[in-house]
Each structure stands twice: as C-alpha cells, then as structure tokens.
Amino acid sequence: MSFGQGGPFDGPGGSGTPDWAALAEESESASRRKRWMLIGGGAVAALAIAGIVTLAVVNSTGGSPGGNPTAKPAASGETVAPDDKPSFPDVSVPPPPNPRDYITDPAKDRAPLTPATLFPDKTMVIGDHSYARTKTATTGDCTSGSQGALGSLLAHNGCTKLLRATYSKGGVSATVGVAVFASPAKATKVMNEWKSGNIAPLVGGGVPDTFCQATRCRTAVNTNGRYAYFTIAGYNNGKATTTDETKAQQIGRDAASYTWARITQRGKDQAAKVAAQQLKEAQQKAKAQG
C-alpha cells in the first residue's frame, strides 16, 4: 500500500518500503502534542479551582480576602461589629497641692516645727559661702527671744512661736529668728510696723557673749507666708559694723536667704507628702475597680 508521493512508506527511490525514521518522528510529535494538551487542561482546571476558593473566602468575610479576622459571624443578616477596645477604670488624681498653701494656712501647715526641722543642717551653705551652725533655740514666749520694742510688737500680733539659730565663720556671726503667726497678713503687719528692737543674739557654741551686745550690728526683716524672720549680724569681738564693712553684711544676707529657702522647703515637703498620699489612694481605687 502506498501513502502517495513523499509518504512514510516511500523509501529511497520511491520503492514502497516504509520510512521508519519518518514514522518515528511523526509518533514523537503526536506524543508532544498530547502532553501539552494535558498540561494546559490541568492549568485551566487549577485556575478555575483557585477562583472558586477565592470567591468562597470573599463571601465568608463580607469583603476582600484581607477582611477583619476578628469580626463575629452575623446571624440572620445582622451585622456584628468587631469586639470593643478594653476599658479602663475612670480614676482621676487631684491636681498637685500648692506648696504656698502649707506655709500660709495654719490648718494645712501641720508638720512638726522645731529648730531641728526648720534648721536641720549643721552647715549653712549659700553659693560659695558656708557657715557652721553654733546653736538653736525655740520658745512659745516670743518676747523672751527678742529685744526692745520688737517683743511687744510680736506679742500684740499673736506670735505663737519664735525659733532662733546662729551661724558663724571667720570672726562674724548671724542670728536668725523666725516668728510664727496665724496668717500672712499678721506677719506682714509686723514687718511693716517694725521700727526698733530686734531678735536677741543667740550666743554659745563658740560664739562669745560679746557678739552684738551693746554695739551696732546689721539687722533686717522679711516675711514668707505666715512667717516673719529677722536677722542680726556682726562681729564676735563686739566691734561695731560700718557702712563700708562687708563680712557682717555678707553673713547677714546669707542667713536671710537660707531662712527663706528653709521656710519655702517646708511648704514643698508638706505638699509632696499630700501628693504622694493622693496618688496612693488613686492607685488603690483603680485596683479595686480593675
């Protein structure tokens, strides 16, 4: 049988003998076409399955495949929002206390008031200057720690306590006296009406009796809250101060600055203690509600 001119059975010279090489090549081509059909069909099927899965995911989340995974399933067409954020107890801390309140109001100014609490440092340090504390004293009779007309002025305005401390260095000393009143107004009144007399010098502890006794010394007065404080500064040997000398002037100023700072610190310490207690109570309340 013949496949016609040029067919697979046309051997060399057209003798009708099968061309086995051509048959083998044709068989291999048919096999390759079959494999490509199978592979192509499989790819189409895979894409179709992927499309079905994607559609199912979209429908299950109500949106894109990256929808909210925490959303609860809705019942009978109802939309359910994601879980709410965690709530915390509504506990507020009062504003911090004002330290000035604790040195102006006797009802709040309740911390111990002694020379040890008001003048706790053995050395008074102001900037580059330092002075040793030589002696302290306190009395409820404000006239006993003062001289001249100042005693009467303190008593008439209700002075309840007088605290004194002396500091010394290099042949000069200063005594500071802090008078306690019921209000800042009383302390200011005493300061404005003071004309003569002063705090009695507090001697001892290395400061001789000649310190500011029957001689001229530097004096000053100021107030801080309900406290009026006075300073008297001079030479230990009884030498009179002058307008030109600076040693007594310096220790007097430093003693006044130190006393102002100590009274201010008294207010800060009490305010900080109250603030700490308020914070503790707020934390306990939050824990109880939590």
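Student: In this predicted model, which residue lies over the face of Tyr235?
Tutor: A charge counts as sitting over a ring if NZ of Lys or CZ of Arg is within 6 Å of the ring centre and within 35 degrees of the ring normal. Over the face of Tyr235, at 4.7 Å from the ring centre, lies Lys239.

Student: At what distance from the ring centre of Tyr102 does Lys108 lie?
Tutor: Lys108 is placed over the face of Tyr102. The cut-off for the distance to the ring centre is 6 Å. For Lys108 the distance is 5.8 Å.

Student: How many aromatic pairs are found in the whole structure?
Tutor: Rings of Phe, Tyr and Trp pair if their centres lie within 6.5 Å. With that criterion, a search of the whole structure gives a count of two.

Student: Is the pair of Tyr167 and Tyr258 stacked or edge-to-face?
Tutor: A pair of aromatic rings is described by the distance of the centres and the angle of the planes. Planes over 60 degrees apart count as edge-to-face. The ring centres of Tyr167 and Tyr258 are 5.7 Å apart and the planes stand at 75 degrees, so the pair is edge-to-face.

Student: How many residues apart in sequence are the parts that this pair ties together?
Tutor: Tyr167 belongs to strand 4 (residues 161-169). Tyr258 belongs to helix 6 (residues 247-289), so the pair ties together parts whose separation in sequence is 91 residues.

Student: Are Tyr167 and Tyr258 buried or exposed?
Tutor: Buried means under 20% relative accessible area. Tyr167 has a relative accessible area of 0%. Tyr258 has 6%, so Tyr167 and Tyr258 are buried.

Student: What is the angle between the ring planes of Trp194 and Phe230?
Tutor: The centres of these rings, Trp194 and Phe230, are 5.9 Å apart. The pair is edge-to-face because its planes are at 75 degrees.

Student: Where in the chain does Phe230 lie?
Tutor: The pair links distant parts of the chain, 36 residues apart. Trp194 is in the loop between helix 5 (184-193) and strand 6 (198-199). Phe230 is in strand 8 (residues 227-235).

Key: Residues numbered from 1 in each chain as written. Predicted model: local features only at pLDDT ≥ 70, side-chain atom pairs only at ≥ 80, totals over all residues. Heavy atoms only, no water. Phe/Tyr/Trp six-rings, centres within 6.5 Å; stacked < 30°, edge-to-face > 60°. Helix = DSSP H or I, 4+ residues; strand = E, 2+ residues; numbered from the N terminus. Buried < 20%, exposed > 50% of the residue type's maximum accessible area, 1.4 Å probe, protein only.
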